[in-house]
Amino acid sequence: FGMESARPAQLVLIAFLSATALLLFVYVRRRVGPWPALLATVLVLFLGPAWEVLLWPFEITLVGAVTFGLAALLALEREDRRGDLIALVCLTLAIGFSNLGVVFVLAAAVAVGVGSREAWLRRSYAFLVPGALFALWYLGWGSDAESHLSLRNVLASPQSVLDSAAMAVGSLAGLGVDLSDGQIDLTWGRILLTALVFGIAYRMLRERSPIERWLWPVAAALAANWFLTAFNISEGRDPTSSRYQYASCILVLMLLAGLFKGVRLGRTGLAALTALTALAVGPNLIQLKNGSHFYEQQSVLTRAGTAAIEIARDTVDPGLQLSPEVAGTHTLVNVFAGPYLEAADEYGSPAYTPAELAAAPPEGRRQADVALAHALGLSTVTRPGAFRARPPRGCVAVAPGGGPQEGVRLRPGTTRVEVPPGPAAAISLRRFAAGEFPVTAPAAPGGSAVEITVPRDRAPGRPWFLRVEAEQGARVCG
């Protein structure tokens, strides 16, 4: 579909999120009935702490693995050849999306293993084939990837797993994040997790009912998910990260459905469960809204940063990186000018046009000026003692303090700023920004001249403006 719009990717994400919700509904309904299944589905569809997964198509890697992993577990419940073949295909697709698929391969192995020995021998291909494919991929390519597996992470994994469990339970209850500052809050999650564990233990001891064998695959998947996450902890990959809550919460709901299989709530119980769900969804909706604001800002910075590269494409260094100091965000660190322009030529451009950039939100226009300064390679040369007592023709006088509010209009080429003897002058520039001059140049010492070179680019109708702030005034000579 090209790079001009993210809409196709968003539609694919919506389709996968909807399919996963439907599969979860089917799984829970088989165990505790339709109304609890509907409420569980609502919790997942509006899971605020998982806002990265719900709102960012990039995370289709995780959603796709969950979708096909859940489909595989449902298929294995058929306990026939068709179901096993469906599970094989789904597990292969799951590991094709991301390493999260391995969790469901392990779950499938447990699902088959809890049956009879004869059934295990007959059905083991359902998980052995996808597992072998993953092993071949890992040996050939995956082992070259960066890994954060360490002895420290392994030894600290129990604490990380407890944090994962507390975060998942708190997320489902709408209490995983402090809404006042957006920080992760595990306090309520730990309290609810403790109460949940004691409640489940009490029920099992009281009723002494046998554990459903289909509970073990889900428990294995949940444990594998949390422990593998703990083993690979690094910056941005801790157990409380937004991207990990989607799979964790779905598996927790599946586990609870298995533990309470056969329980049917009356009207009072359903009303209470519905009220609790509504109370949980409210805070989660706030988190989703905050997440949408974040991605809107990232979209503005993305379109502005790439617009700067395209405007300066005639002179930009192919190795220019949209680093945080250039693009104003860390999310574009993998974008380099040369490869980006090649991709834009082949697949279309997501960037603002110069006209769109002029009407973009203020933060986009400001950051575009900063990125343009890097992309164009604006250069300055300071010449001490080069101030001329007699001004040449064509110079614009800048009044003491700062001159005109909009700045002095520059033409492409070299402009000379002359500062009389006295304090140093501050020099700054703007182009698309309004009301501020976000690009700063080196200060000009008193009695010196600074030559600023502005290359031509592909937005000739939008000039640069220069602001010189000097107590003794200055002049700008074209």
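This is a predicted model: local features need pLDDT of at least 70, side-chain atom pairs count only at pLDDT 80 or more; totals for chains, interfaces and linings use all residues.
Residues are numbered from 1 along each chain as its sequence is written, and side-chain values use heavy atoms, with hydrogens and water left out.

The protein has 18 helices and 9 strands, where helices (H or I, at least four residues) and strands (E, at least two) are DSSP runs numbered from the N terminus. Along its principal axes, the C-alpha trace spans about 100 × 50 × 40 Å. The radius of gyration is 30 Å, whereas a compact globule of 478 residues would have one near 23 Å; this radius is taken over C-alpha atoms, and the globule rule is 2.2 Å times the number of residues to the power 0.38.

Of the 478 residues, 47% are buried, a word that here means under 20% relative accessible area, with a 1.4 Å probe and protein chains only. Contact means heavy atoms within 4.5 Å, and among the contacts with a separation of 6 or more, 79% are between residues 24 or more positions apart.

Helix α2 covers residues 34–45, and at 1.5 Å a residue its 12 residues should span 16 Å, which agrees with the 16 Å between its end C-alpha atoms; the expected span is 1.5 Å times one less than the number of residues. The buried residues in α2 are Pro 36, Ala 37, Leu 39, Ala 40, Thr 41, Leu 43 and Val 44. Their cover includes α1 (7–32), α3 (51–55), α10 (157–172), α13 (245–259) and α14 (267–311).

Leaving aside neighbours within four places in sequence, Leu 466 is in contact with residues including Val 417, Phe 437, Ile 452 and Val 476. Val 476 is 10 residues from Leu 466 in sequence, and their C-alpha atoms are 8.9 Å apart in space.

Ala 449 lies in strand β7, residues 449–454, and is buried too, with a relative accessible area of 0%. Not counting residues up to four places away in sequence, Ala 449 touches Val 381, Thr 382, Arg 383, Ala 386, Arg 416, Val 417 and Glu 418. By contrast, the C-alpha atoms of Ala 449 and Asn 232, which are 217 residues apart along the chain, are separated by 55 Å.

Note on methods. Buried means under 20% relative accessible area, exposed over 50%, partly exposed in between (1.4 Å probe, protein chains only).
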